[in-house]
Amino acid sequence: MTDRTAFRTCPLCEAMCGLEITVRDDTVVRIRGDMDDPFSKGFICPKGSTLKQLQADPDRLTTPLIKRDGVHVEATWDEAFDAIAVGLGKHLDADRNSVAVYLGNPNVHNLAAGIFGRVLVRALGTRNVFTASTVDQMPKHVVSGLMYGSPASFSVPDLDRTRYLLMIGANPAASNGSLCTAPGFTDRLDAIRERGGTVVLVDPRRSETAAHVTEYHPIRPGTDAYLLAAMCNVIFDNDLVDLGSVEPYVRGVEEFHALISQYPVDVAAKITGIEPAVIERLARDLASASSGAVYARMGAHTSRFGTVNAWLAETLTIITGNLDSPGGLMFPKPATGRPVGDQAGGSGWKFGRWTSRVSGRNEVLGEIPTVCLAEEILNPGEGQVRALVTLQGNPILSLADSNKTEEALEALDFMVSFDIYLNETTRHADVILPGRSPLERSHYDLVFTGLSVRNVAKWSPPLLEVDRPTDDEILARLTLIASGFDHRADPTMVYDGALLNVLTRATQNDASPASGLDPLEIVNQISGDSPADRVLDAMLRTGPYGDGFGAVADGLNLTKLSENPHGLDLGALEPRFPGFLQTAWGSIDLAEPTFVSDIARLADHLDETPPDLVLIGRRHLKTNNSWMHNLDILTKGNNRCTVQVHPTDAARYGLADGDQAKVTSEGGELIVEVEVTDVVMPGVVSIPHGWGHSYAGTRLGVAESRPGVNLNILTSNSLVDDWSGNAALNGVPVTLSTV
Ligand SMILES: Nc1nc2c(c(=O)[nH]1)N[C@H]1C(S)=C(S)[C@@H](COP(=O)(O)OP(=O)(O)OC[C@H]3O[C@@H](n4cnc5c(=O)[nH]c(N)nc54)[C@H](O)[C@@H]3O)O[C@H]1N2
Ligand SMILES: Nc1nc2c(c(=O)[nH]1)N[C@H]1C(S)=C(S)[C@@H](COP(=O)(O)OP(=O)(O)OC[C@H]3O[C@@H](n4cnc5c(=O)[nH]c(N)nc54)[C@H](O)[C@@H]3O)O[C@H]1N2
Ligand code: SF4
Ligand SMILES: [Mo]
């Protein structure tokens with residue numbers, strides 16, 4: 001028996017922690033933090049080491065399943081692809097839009113899926129593309145697209161240098177950070193305070209993160225926009241506006257001021273429940289700090305005013321001189337990102353290029369909002385969705401209004417899932433194609449290196465060899481079917497297409513180190529063992545740090561990354577204006593027409609009587625959305641799937657700790673254990689999402705034994721942020737009763 005040690009990045013959440021993994025023969029014996037990772041420096045959370053248990057989970061699928069007479073049975077890969085060719089083929093032939101695709105969160109944690117998932121979606125040629133982005137960060141895409149010209153141009157708080165951080169609806173102590181990749185996030189918060197800075201948390205629930213902040217303020221769910229607008233007003237009214245280094249590129253300042261002026265501090269105080277003096281002081285403190293950033297996350301985005309919230313968070317940072325400046329909101333420069341020149345201005349960005357069939361919601365990023373998925377399946381007519389492809393997603397537990405989603409998936413004519421579990425969603429699938437586990441594939445974070453508080457690059461080869469198709473191959477064979485080919489055809493054409501696409505675009509980009517080269521020549525210099533690795537090599541070599549195929553001495557390529565298993569630190573974030581600014585007009589328009597029309601909605605709700613009780617979600621350090629509850633090590637112990645109720649509300653409704661309560665919303669009801677606690681503010685109850693593992697026909701031995709309840713039975717497809725189509729998962733009106 002020989003032990004070997006490997007280093008790789010944990011792919012489970014956004015934090016990109018380095019792992020040190022010991023393997024004996026083909027078995028993982030130990031996982032701990034990689035002390036030599038320059039970014040995470042040994043930090044891991046309790047989930048990082050559970051890749052071992054995930055690998056060993058007997059319920060994790062390794063053989064394709066086909067549903068025969070209502071039961072999933074094992075099948076060969078050829079049988080599985082044959083069934084897909086028939087089942088999907090007939091709908092693709094009839095009407096491309098009758099096939100929908102849903103991409104879940106793990107796609108952004110999977111290199112092959114990040115590259116070949118997109119190729120598959122394009123090959124399907126349907127407008128019915130749905131992703132978890134519209135139960136998550138879509139408002140930030142809309143705002144980044146309209147303000148900076150690219151929906152992927154996300155600003156990130158410069159955590160390690162800031163003197164003032166205002167966090168709105170983020171709980172990094174549980175989530176490990178989101179749209180802000182920073183392993184050891186709470187240590188970095190503590191460091192802000194240790195260097196004399198300030199961290200402010202605004203959240204209806206005094207979350208685990210509250211232990212790491214200077215001040216915490218509860219806020220009524222869904223009212224953050226009023227707080228942010230009022231803070232902007234304080235800045236204007238006291239002549240504190242300072243646009244800092246981006247001043248030459250900002251327009252619409254006075255129009256913006258006019259737009260927000262009807263939301264002064266006293267109005268905001270009434271609606272948010274935060275004292276006027278506090279709002280006033282928060283604004284002044286941010287303005288007077290030598291650097292500061294407003295970081296708005298899930299609680300702000302999954303709200304009826306998600307787009308307004310994202311816009312105001314960005315704008316408040318801009319008018320206090322903190323955009324694109326150290327310690328403020330900055331733009332990472334990922335090694336696989338598109339190099340830009342030094343002039344502001346580009347082709348800009350558009351959304352709403354088409355609308356959904358049933359309720360006419362805007363396309364954003366080529367997607368239809370998930371609040372439309374069920375209605376597109378259930379409503380007859382031309383273009384009705386009859387078949388569904390799910391790629392690493394669990395819409396039954398993750399999307400709003402689960403009962404409707406359940407009804408819709410039940411009504412499909414054909415469904416295929418690329419997934420590693422027979423779970424609440426995939427039990428509806430006619431065919432399940434089991435992907436590789438995280439340890440059985442190579443890894444590089446295409447997405448999170450672009451959201452990271454330092455520029456870093458890290459690649460890991462597969463750790464364990466298995467005799468099954470790779471994710472590259474599974475997705476390529478689905479692409480062959482979607483393109484009308486036999487799935488037995490050589491998938492090389494799919495791989496080469498993706499590779500040449502990257503090289504061609506890069507060689508046409510003046511700012512790329514590979515500018516002007518011949519794609520058909522440089523393709524011969526590409527290295528990498530898998531098709532996805534080869535595309536990655538192409539991205540790295542043509543990217544901002546790339547070797548340009550010899551043009552840049554010491555430049556980056558996959559070989560260099562493979563020689564540095566702990567990863568490479570590419571430095572602190574640096575200002576990226578003006579070249580980074582890609583709006584068609586070459587400036588940031590604070591009063592872009594979409595925002596102007598959107599903020600008008602705030603006025604409509606000013607005099608609304610707030611609901612008696614509203615529901616919010618919550619995350620726990622030992623969960624990962626809906627899919628890691630089958631690992632005993634993460635779920636044993638006390639029941640965590642409780643409804644948290646403030647003592648005054650518990651008294652009002654005659655409920656005591658440990659009671660069962662009925663929670664009812666417009667869309668459904670749940671019976672759930674009560675946890676009386678003052679961490680939630682009065683008028684607010686909280687239930688975690690991702691539970692509810694009691695649907696028949698799954699294969700989740702551990703999860704089924706501690707099922708919890710499915711929060712999304714209570715959420716609604718009619719609570720939506722208008723422009724982005726994002727579901728408002730938080731702030732759902734509910735009632736409580738004894739059972
Ligand atoms: N009420 C409420 N709802 C929410 C949220 C909330 O805060 N409140 N959060 C929302 C957010 S932010 C998100 S991102 C979504 C997530 O929504 P989804 O992405 O739909 O759900 P996940 O729970 O991430 O499910 C991932 C699926 O991928 C499979 N999977 C996991 N790893 C792999 C792998 O390596 N290979 C393959 N082939 N399959 C794999 C799992 O078995 C599972 O079926 O949920 C959203 N839903
Ligand atoms: N352990 C663990 N880590 C995860 C995940 C997981 O499921 N478990 N999921 C991953 C994913 S996919 C994502 S997107 C990230 C999300 O990471 P975060 O963005 O940090 O999201 P949450 O942890 O849900 O924290 C959102 C906070 O918003 C608060 N909130 C709710 N409504 C409002 C409101 O109206 N206003 C304000 N100001 N606050 C509000 C909630 O009380 C909660 O504390 O986490 C990732 N990391
Ligand atoms: S914080 Fe995220 S990336 Fe780090 S070990 Fe935990 S799950 Fe993995
Ligand atoms: Mo997410």
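**View 1. Y148, Y249, F331, F577 and F580 together make up one aromatic cluster.** The model is predicted: local features need pLDDT of at least 70, side-chain atom pairs count only at pLDDT 80 or more, and totals for chains, interfaces and linings use all residues. Residues are numbered from 1 along each chain as its sequence is written, chains are lettered from A and ligands numbered from 1 in the order in which they are written, and side-chain values use heavy atoms, with hydrogens and water left out. Rings of Phe, Tyr and Trp (its six-membered ring) pair if their centres lie within 6.5 Å; planes under 30 degrees apart count as stacked, over 60 as edge-to-face and the rest as tilted. This rule gives 14 aromatic pairs. The rings of Y148 and F331 have centres 5.0 Å apart and planes at 80°, so this pair is edge-to-face. It links distant parts of the chain, 183 residues apart: Y148 belongs to helix α4 (residues 138-148), and F331 to the loop between β14 (329-330) and α13 (373-378). Helices (H or I, at least four residues) and strands (E, at least two) are DSSP runs, numbered from the N terminus. Y148 is buried because its relative accessibility is 0%, and F331 is buried with a relative accessible area of 1%. Buried means under 20% relative accessible area, exposed over 50%, and partly exposed in between (1.4 Å probe, protein chains only).

View 2. A polar side-chain atom of D203 lies 2.5 Å from an oxygen atom of ligand 2, and a backbone N or O atom of A174 lies 2.9 Å from a nitrogen atom of the ligand.

**View 3. R297 is placed in the loop between β13 (293-296) and α11.** This residue is buried, with a relative accessible area of 2%. Leaving aside residues up to four places away in sequence, R297 touches D136, Q137, I168, G169, A170, S178 and L179. Contact means heavy atoms within 4.5 Å.

**View 4. I633 is located in helix α22 (residues 632-635).** With a relative accessible area of 35%, I633 is partly exposed. Its C-alpha atom is separated by 7.8 Å from that of T50, 583 residues apart along the chain.

Methods. Polar contact = N/O pair within 3.5 Å; in protein donor to acceptor, adjacent residues only side chain to side chain.
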